[in-house]
Amino acid sequence: MMSSREAFERLRAGNGRFVSVVLDPAAILDAEQRARLAAGQEPFAIVLGCSDSRVPAELVFDQGFGGLFVIRVAGNVVAPSQVGSVEFAAARFGMPLVVVLGHSQCGAILATLEELRQPAPDQSPNLRSIVGRIRPSVQPLLKTDLAGKPDALVGAAVRANIRASAAHLRTGSEILERLVAAEKLAVIGAEYSLETGVVDFFDGVPEAW
Ligand SMILES: [Zn+2]
């Protein structure tokens with residue numbers, strides 16, 4: 001069984017390869033690997049990422065088939081079905097790591113900021129359920145100096161939302177809370193830069209790593 005730190009190092013190294021465009025040829029599946037994977041999977045990390053077309057988790061971490069258990073939802077928000085997916089994956093496969101992967105210029109964050117400035121009366125209730133999950137971590141920022149600095153505000157809002165999602169996974173589920181307390185699972189928040197391709201693991205990384 002891989003440790004949380006080993007899984008983390010594997011993701012960090014994969015992102016390094018992605019950024020320097022020195023990719024792992026083993027990430028492409030051949031017939032033999034496909035047959036092996038059909039018999040069973042042993043993914044080593046869970047990624048809860050945004051649906052944005054510019055942030056495909058497997059590519060960003062230079063991982064092939066069978067490596068990552070990926071959940072993608074606009075704004076990388078945590079609703080019950082996301083918690084359930086993480087619980088399933090962590091319990092079923094014994095995966096030691098969850099990464100909440102947000103990104104710069106996230107459309108869901110921009111939409112939430114827009115909604116806070118100028119509420120749209122005709123917003124669909126489904127869309128509102130996403131904005132509603134982002135709003136609590138973003139709203140307080142509007143009462144700070146950031147309110148007058150649009151770019152910095154978006155950046156801070158992206159990070160606040162990632163932190164909130166990671167915190168929710170650490171404490172919003174008995175199963176996950178138990179795994180975290182037993183140090184069998186680490187939940188880390190990270191931001192992908194659309195501009196540079198670099199993933200910055202900024203939340204929840206133990207100091208010793
Ligand atoms: Zn996004």
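## Cores, zinc and charges in a predicted model

Ile 46 touches Phe 69, Ile 71, Val 86, Ala 89, Ala 90, Met 95, Leu 97, Val 98 and Val 99, leaving aside residues up to four places away in sequence. The model described here is predicted.

Ile 46 belongs to the largest nonpolar core, which has 37 residues. Within this core, Ile 46 and Leu 169 touch the most other members. Which elements give two or more residues to the core? They are β1, β2 (68-72), α4 (80-93), β3, α5, α6 (125-138) and α7 (150-171). Helix α7 gives the most, with eight residues. There is also a second, separate core of 20 residues. Leu 11, Leu 101, Ala 186 and Ile 188 are among its members.

**The zinc site**

Now to the metal. The zinc ion is coordinated by Cys 50 through SG, His 103 through NE2 and Cys 106 through SG. The distances run from 2.0 to 2.3 Å. Along the chain, the donors follow the spacing C-x52-H-x2-C. Cys 50 lies in the loop between β1 (45-49) and α3 (57-60), and Cys 106 lies in the loop between β3 (97-103) and α5, so this pair ties together parts that are 56 residues apart in sequence. Are these two cysteines, Cys 50 and Cys 106, buried or exposed? Both are buried.

**Salt bridges**

The count comes to seven salt bridges.

| Asp 52 | Arg 54 | 2.8 Å |

Take the pair Asp 203 and Arg 170. Asp 203 sits in strand β5 (residues 199-203) and Arg 170 in helix α7, so the pair ties together parts that are 33 residues apart in sequence. Asp 203 counts as buried, because its relative accessibility is 13%.

Asp 52 also counts as buried, at 15% relative accessibility.

Glu 174 and Arg 178 both lie in helix α8 (residues 174-181). They are four residues apart, about one turn of the helix. Both Glu 174 and Arg 178 are exposed. Elsewhere, salt bridges that share partners join Arg 159, Glu 191 and Asp 200 into one network.

**A buried charge without a salt bridge**

Glu 115 is placed in helix α5 (residues 107-117). Glu 115 is buried, yet has no salt bridge. Glu 115 does touch Arg 135, along with Ala 120, Gln 123 and Val 131, not counting residues up to four places away in sequence.

**Two positive phi angles**

Asp 62 has a positive phi of about 45°, although it is not a glycine. Asp 62 lies in the loop between α3 and β2. With a relative accessible area of 6%, Asp 62 is buried.

Glu 183 has a positive phi of about 60° and is not a glycine either. Where does Glu 183 lie? Its place is the loop between α8 and β4 (186-192). Glu 183 is exposed, with a relative accessible area of 68%.

Notes:
Residues numbered from 1 in each chain as written. Predicted model: local features only at pLDDT ≥ 70, side-chain atom pairs only at ≥ 80, totals over all residues. Heavy atoms only, no water. Buried < 20%, exposed > 50% of the residue type's maximum accessible area, 1.4 Å probe, protein only. Lys, Arg positive; Asp, Glu negative; His and termini not counted. Salt bridge = Lys/Arg side-chain N within 4 Å of Asp/Glu carboxyl O. Contact = heavy atoms within 4.5 Å. Donors = N, O, S within 2.8 Å, 3.2 Å for Na, K, Ca; no water. Core = buried A, V, L, I, M, F, W, Y, C linked by side-chain atoms within 4.5 Å.
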